[in-house]
Amino acid sequence: TSRGGNMNFGVNGTAAMNVSNATFIARQLTHGGYALNLPGSNPRGGTSTIDVWDGGLLEVTEAYDWISDNAGQPHTLTVHAGGRLALPPTTRIAGSTGTATVALDGGVLACHPGGARGTLDDLMQGVDVFALAAGSSS
């Protein structure tokens, strides 16, 4: 089990993380890109992926923020068969142009206790694509 405070993942560059047969817990996770590029500079965003595999649990207890940068890059979170994801409602930085994708590929999505605020749209604010494969549950 890995417990952390705040994690900036894939911010300012490309990143990939796999959680398998382990538990990763963060208070706040900021996923993808970089929203504050300077005028006249090259975009600093990159693609970022998080995969939760069999026996893995990714739990974010307070805030999951999609930056999704302003360079139009894709950022994905996939929960595979046997993996679990526990989240509070997600948010997105205003004006970001990247694509935020959550895919349940046989995995389980759970609302973090106290985090549910109604519909799946409420939970997945800022997500462009929500893909649900057979065998998944939420």
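The conversation below goes through the terms one by one and sets each against its cut-off.

Mentor: This is a predicted model, in which local features need pLDDT of at least 70 and side-chain atom pairs count only at pLDDT 80 or more, whereas totals for chains, interfaces and linings use all residues. Residues are numbered from 1 along each chain as its sequence is written, and side-chain values use heavy atoms, with hydrogens and water left out.

Trainee: How many helices and strands does the chain have, and what makes a stretch count as one?

Mentor: The chain has one helix and eleven strands, where helices (H or I, at least four residues) and strands (E, at least two) are DSSP runs numbered from the N terminus. Read along the sequence, the pattern is β-β-β-β-β-β-β-β-β-β-α-β.

Trainee: Why is Met-17 called buried?

Mentor: Buried means under 20% relative accessible area, exposed means over 50%, and partly exposed lies in between (1.4 Å probe, protein chains only). Met-17, which lies in strand E2, has 13% relative accessibility and therefore counts as buried. Leaving aside neighbours within four places in sequence, Met-17 is in contact with Met-7, Phe-9, Thr-49, Ile-50, Asp-51 and Leu-58, contact meaning heavy atoms within 4.5 Å.

Trainee: And is Asn-8 buried or exposed?

Mentor: Asn-8, placed in strand E1 (residues 2–11), has 58% relative accessibility, so it counts as exposed. Of the 138 residues of the chain, 43% count as buried.

Trainee: What makes E2 and E4 a strand pair?

Mentor: Two strands pair if DSSP finds at least two bridges between them, and five bridges join E2 to E4, which run parallel. Ala-15 stands opposite Ser-48 in E4, and Asn-18 has Asp-51 of E4 as its bridge partner. Asp-51 in turn has Thr-78 in E6 as a bridge partner, and E4 and E6 pair in the parallel sense over five bridges.

Trainee: Which strands make up the open sheet, and which of them are its edges?

Mentor: Five strands form the open sheet in the order E2-E4-E6-E9-E11, with parallel pairing. The edge strands are E2 and strand E11 (129–132), since each pairs on one side only. Neighbouring strands of this sheet are turned by 10 degrees against each other on average, direction ignored, the axes being lines fitted to C-alpha atoms (for helices over the stretch in contact) and angles running from 0 to 180 degrees between N-to-C directions.

Trainee: Why is E4 described as largely enclosed?

Mentor: Four of the five residues of E4 are buried, so this strand is largely enclosed by the rest of the structure.

Trainee: What makes a group of residues a nonpolar core, and which members touch the most others in the largest one?

Mentor: A nonpolar core is a set of buried Ala, Val, Leu, Ile, Met, Phe, Trp, Tyr and Cys residues joined through side-chain atoms within 4.5 Å. The largest such core has 24 residues, of which Ile-50, Leu-58, Tyr-64 and Leu-77 touch the most other members. E5 gives the most to this core, with four residues. Beyond its neighbours within four places in sequence, Leu-77 is in contact with residues including Ile-50, Leu-58, Tyr-64 and Trp-66.

Trainee: How do you know that Arg-27 forms a salt bridge with Glu-62?

Mentor: A salt bridge is a side-chain nitrogen of Lys or Arg within 4 Å of a carboxyl oxygen of Asp or Glu, and the closest N and O atoms of Arg-27 and Glu-62 are 3.0 Å apart. Arg-27 lies in strand E3 and Glu-62 in strand E5, so the pair ties together parts that are 35 residues apart in sequence. At 32% relative accessibility, Arg-27 counts as partly exposed.

Trainee: How many salt bridges are found in the whole structure?

Mentor: The search finds two, and Arg-92 and Asp-128 also meet in one, at 2.8 Å from N to O. Arg-92 is in strand E8 (residues 90–92) and Asp-128 in the loop between helix H1 (120–123) and E11, 36 residues apart. Arg-92, at 24%, and Asp-128, at 46%, both count as partly exposed.

Trainee: Why is the aromatic pair of Tyr-64 and Trp-66 called tilted?

Mentor: Rings of Phe, Tyr and Trp (its six-membered ring) pair if their centres lie within 6.5 Å, and planes under 30 degrees apart count as stacked, over 60 as edge-to-face and the rest as tilted. Tyr-64 and Trp-66 are 5.2 Å apart, centre to centre, with 55 degrees between the planes, and the pair is therefore tilted. Both residues, Tyr-64 and Trp-66, are buried.
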